[in-house]
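Dear colleague,

Please find below the structure that I am handing over to you. My notes on it follow directly after.

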Amino acid sequence: MISVIIPAYNAEKLISSCLNALNDQTISRTDYEILIVDDGSTDKTAGIVGGFENVKLIQQENRGPAGARNNGAKNSNGDIILFTDSDCIPEKNWVEEMIRPFNDDPEIVGVKGIYRTDQKELIARFVQAEYEDKYDVLKRDQYIDFVDTYSAGFKRKVFLEFDGYDTSFPVACAEDVELSFRIASKGYKIVFNPRAVVTHTHPNCFISYLKKKYNFAFWRILAVRKNPGKIIKDSHTPQIMKLQLLFFPLLLLSLLAIIFYPKTIYLAFLVIAAFILSTVPFLKKVIKKDIAVGLLSPFLLMGRSVSQFFGVLNGTIQHIIIKRD
């Protein structure tokens, strides 16, 4: 038996599409169950889910997505549990592809799939290009340490052995990363399957995108604090992205230096030039598929680095300095 678990909070506009897709998979519907964990929704989510006869509805007070997924796992019957999100639409063969690695190798305990989008907005296309850049990093390793909940699979026994997702993460940011870091650090095998696809709606305006990047960076600090061995490298994050975090503080320092030494203005231009140079590999990759996104990517990546810097800075203050005091 396979269990598909989806946390839902005020998802009345999205949940039907997700469930319709999950009810129409390439494997027999009798081979998997679907569990929706309604995390204290105040809209019509529960009523909509109740209209699907073959979907199990679990209701709880609002505890956040980590707690909802853990609740679903504890109440599931599957030897393998799969997770996706209420705003995702799994492709027809998603369940089949998610369980394939488990069947191919009994030592596999976790599987990660991918996002895809049909959006036409420039920012959404840029976000998709970002994900694909990270997928290229994942493809380099036989085993990985990074599984996002939008397309995740685990052996239920192992998931429960690690007590599931850390509920100290109150929002859907990095709790999935933290769990996969813990599992991989114990020598368990996790793999990437790019054929397991869910369609998603990415942020389609620059401000929304920057807010999301800030939140990811903020909560990633907590995940790394709990798993310090991953501060240098993981199987998902391009190393150049970490270097680009230095752009804003270096630019700020160079601008401050001009106040005291006007002739050092060239340092600011040097920092900007170095950053743009660091974006060239991404630009070259993306421009082959999308000229507009490729040409704008240096400026979009610049905004990303500034947003992530402030997320990391605040996350460090909140999760490390204040907690330590």
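Helix H7 (residues 175-185) is mostly covered, with nine of its 11 residues buried; buried means under 20% relative accessible area, exposed over 50%, and partly exposed in between (1.4 Å probe, protein chains only). Helices (H or I, at least four residues) and strands (E, at least two) are DSSP runs, numbered from the N terminus. This is a predicted model, in which local features need pLDDT of at least 70 and side-chain atom pairs count only at pLDDT 80 or more, while totals for chains, interfaces and linings use all residues. Residues are numbered from 1 along each chain as its sequence is written, and side-chain values use heavy atoms, with hydrogens and water left out.

The buried residues of H7 include Glu175, Asp176, Glu178 and Phe181. Among the elements that cover them are helix H3 (64-74), strand S6 (108-116), strand S8 (189-200) and H8. After H7 comes Gly187, which has a positive phi near 90°.

**Aromatic rings**

The structure holds 21 aromatic pairs. Rings of Phe, Tyr and Trp (its six-membered ring) pair if their centres lie within 6.5 Å; planes under 30 degrees apart count as stacked, over 60 as edge-to-face and the rest as tilted. Tyr214 and Phe218 are stacked, because their ring centres are 6.3 Å apart and their planes stand at 20°. Both belong to helix H8 (residues 206-226), where a spacing of four residues separates them by about one helical turn. Tyr214 is partly exposed, at a relative accessible area of 26%, whereas Phe218 counts as buried at 12%.

Phe248 and Phe309 form a tilted pair, since the centres lie 5.7 Å apart and the planes are at 50°. Phe248 is in helix H10 (residues 247-260) and Phe309 in helix H13 (residues 291-324), so this pair ties together parts 61 residues apart in sequence. Phe248 is partly exposed, with a relative accessible area of 21%.

One aromatic cluster is formed by Tyr115, Tyr131, Tyr135, Tyr150 and Phe192.

A charge sits over a ring if NZ of Lys or CZ of Arg is within 6 Å of the ring centre and within 35 degrees of the ring normal. Arg29 lies over the face of Tyr32 at 4.7 Å from the ring centre, and Arg69 over that of Tyr165 at 5.7 Å.

**Strands S2 and S3**

Strand S2 (residues 32-39) pairs with strand S3 (residues 55-60) in the parallel sense, over six bridges; pairing requires that DSSP finds at least two bridges between two strands. Leu35 stands opposite Lys56 in S3.

Yours sincerely

Methods. Contact means heavy atoms within 4.5 Å.
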